[in-house]
Amino acid sequence: MKNNPSFTVLIVDDNPNNLRTLFDYLTQNQLTVLVAQGGEDALELISHHLPDLILLDVLMPEMDGFATCRIIKANEHWRDIPVIFISALSDTIDKLKGFQVGGVDYIHKPFQMEEVSERIGIHLNLQRMTKELKKAKELAEMANQGKSDFVAHVSHEIRTPLSGIIGMSELLYHTPLTEKQFKYTEIIKSSALMLMSLLNDILDFSKIEAQKLVLDDVPFDLHQLIDELVDFQALNAYGKHIQFEGLISANVPCKLYGDPLRLRQVLMNLCNNAIKFTEHGEIFLRVNQEELSDTEVKLCFLIKDSGIGLTKEQQDKLFQAYSQAEAFTSRKYGGTGLGLTISKQLVQLMRGNIGVESEKGHGSTFWFTSVFKLQTPLILSHVFSLKPKFPIHVLVLTPFNNQKELFQSYFSAWTIPYTIMNTLLNGIDWLSHSEDISNSIKNVLIIDSSLCNGHEFQTMLTISQTKGIRCIVLMYDAGKELSEIKIPISYLIKPIKPQGLWDCIHGDSFGIQPDSKLTCQQLYENICNNMPKYRILVAEDNVINQTLVLELLQDLCKQDVVIVNNGQDALHVLQTEFFDLVLMDIEMPEMDGFETTKQIRSAKANVINPTIPIIAMTAHALREDRDRCFQSGMNGFITKPIQIRELILEIQRILGHHGQDIQEQFISEEICIGFDKEEFFVHHANKNKIIAQKIIQIFLSNYLNELTSIQTAISRLDAPMVRKEAHRFKGMVSYFSKHIGELAYQLEKAGLQQNIDHASKIFQLLSKEVDELIPHLNHFLNELQLDI
């Protein structure tokens, strides 16, 4: 045993001779020694002098060694002290009992001092190593915390200039630009967004390393999340002439609890990689159910691509931090290698696993599983339970395997007979040799636009007419310009959605015709022009951000904007002037955003409206920053760099509850029953046929799900959910009918007042009115289609 005066040993034995012998020997080895002649004395000593090791006799009066050891191990401050039993009991059962109650060693009496010394030395060395490891762990945690704080601070500092770069580049879109200037502006914005993505990855990885990343547990609609993600990623894929489709299996629930933002982050990461590493071909996102219980569901998400593929060696290191498949990949495609590492950590937090199946040169399939809690009752998509209204047969011509799988899934669920072929020649041959088609069956021909060129396509159109094909549909990539076709043809915009496909083969309206001339700039202008006018106070000390917000809200969105430099000035202005909203920076001189918000909410500040909606506008992006904003009394949160779409959506979301509620005007106005298409076309679609079609199509694709959600909330007697779902539906249906918008508003108020019986009666009336509205929308959609 090495001499070490820093250790203290407690000897517990009722035999004075044993105490003396052990005491003398251990003190000679420069150990600090405490002695006790019974269990109770030992416990009293331990409470005042915490020893590093205990030598404990077993057979003692009043309280034996086993009982004493149990008490020691039950105390959270003492349980780590090693206990060595010294006893004349040598049976195996006694030894086992000693280990069961927490002992680390067992020495027989009469003992040899050399043996006792060596065994004590072993356990004291272990104690020394444990203390050193604990200290090293504490230092590492402190260093990790310091790193996380540093990363968060740097993130904030970088986001501030980035806000100016991205914001100003967006504003440039709304000024007259030459083609070269427009290209330069796009490069500036694209580069800044890439830097922002990199910054977000580093911030997320830092939070994961520091074990600070915590998932939300909120209700969300999985089908809506997947639809929105597929729409977004499909546009990116079409830019590289890659087909992108998504399919959710029929048994996958719609309504779940979990963290939709982090689920979306993982899916975006994997889809972005699939697009990045695929030069041509197809990408397919599929969601399957793996396990289902009364309270939870385990889902599997698969992203299959036809990209460059991976070797076995590359797959083994794929999910390691800062690692890519190879140096050449990093040089050619860019990236930090953090995306997959972050995705793996997020999936593990969602109680799942992640992996890849791939072969070099033959594409990859990335997959991950996640567990989500179910909202009750279990709600599946109504689309898969639809049954055809009349006999239908569908002939599909497409060269893409993903589309084939998608059509097979939908048509099988709907029990609709179908034939799928790869080429126009195959379709022509099939139609030419088929028997005359009965007029009692609606025959539908769906052709992918990639086949719509040349002599064979004209032949197909001619033979289709002679064979009695009653509905010809072209599938087009969103944003792709259409070729001129002289016969009436309808359009199904990819990525294909089940509701749109169902409406296509059952009705006379078949989606929207894309217009490549409708730019992002025009879309933003339409949104801004239709935005109600508010009076907005902006508290911001950064001159670049002041200029950006002023240009965006005042010049572009025609809002009444007042700028102040700090929280103190904001308080003074709010005491004398009325505003609808405050955009509040967090870090300002004199008084920061948190303190300013607390002052506004307090009665002592004497502001005109202490409940005024406040949106945090900050470069701090951590979850705890967001939570602190809401805890201080703020209503919304946007991160810098400020982007037009996010800012407008947050303002509309907040003021939909707190600001000028447009639906209130319906009460005093003349009720308009039915669909006023002129009102809709002029005031909501800005006289733009493309926008009008898009708004109607979105409503037709979603209204059944929205009504189902309201009905479910009523059946569960969930008044807050009734209010929430009715408010959302009100925002959708009010585009078309003030009367139905008023009904939705009354339903929202019934939810707010906890009056479920009244809500149920209003819902029955609302459902009936919506059923009467739908044919009018379909008819107008058909008119718009024929006019183009």
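Predicted model: local features only at pLDDT ≥ 70, side-chain atom pairs only at ≥ 80, totals over all residues.
**The cores**

Start by selecting L222, I226, L263, L267 and F301, the residues with the most contacts inside the largest nonpolar core, which has 44 residues. Then colour the elements that each supply at least two residues of this core: helices α7 (222-238), α8 (260-276) and α11 (338-349), and strands β7 (242-248), β9 (281-292), β10 (296-305), β11 (354-358) and β12 (364-374).

Centre on F301. Leaving aside neighbours within four places in sequence, its contacts include L222, I226, L263 and L267, together with R286, V287, F366, W367, F368, S370 and F372.

Show α12 (residues 401-414) and α15 (residues 498-506), whose axes come within 11 Å and cross at roughly 60°. The crossing is right-handed. By class, eight residues here are nonpolar, none polar and none charged.

**The sheet**

Move to the open sheet of five strands, ordered β19-β18-β20-β21-β22 with parallel pairing. Its edges are β19 (560-564) and β22 (636-639). Five bridges join β18 (residues 535-539) to β19; select I536 and find its bridge partner V561 in β19.

Helix α18 (residues 567-574) touches β18, β19 and β20 (581-585), and its direction makes about 155° with that of β18. Helix α19 (residues 593-601) touches β20 and β21 (614-618), with about 150° between its direction and that of β20.

Notes
Residues numbered from 1 in each chain as written. Heavy atoms only, no water. Core = buried A, V, L, I, M, F, W, Y, C linked by side-chain atoms within 4.5 Å. Buried < 20%, exposed > 50% of the residue type's maximum accessible area, 1.4 Å probe, protein only. Helix = DSSP H or I, 4+ residues; strand = E, 2+ residues; numbered from the N terminus. Contact = heavy atoms within 4.5 Å. Axes fitted to C-alpha atoms, helices over the stretch in contact; angles between N-to-C directions. Left-handed = near helix turned anticlockwise from the far one by under 90°. Nonpolar A, V, L, I, M, F, W, Y, C, P; charged D, E, K, R; others polar. Pairing = 2+ DSSP bridges.
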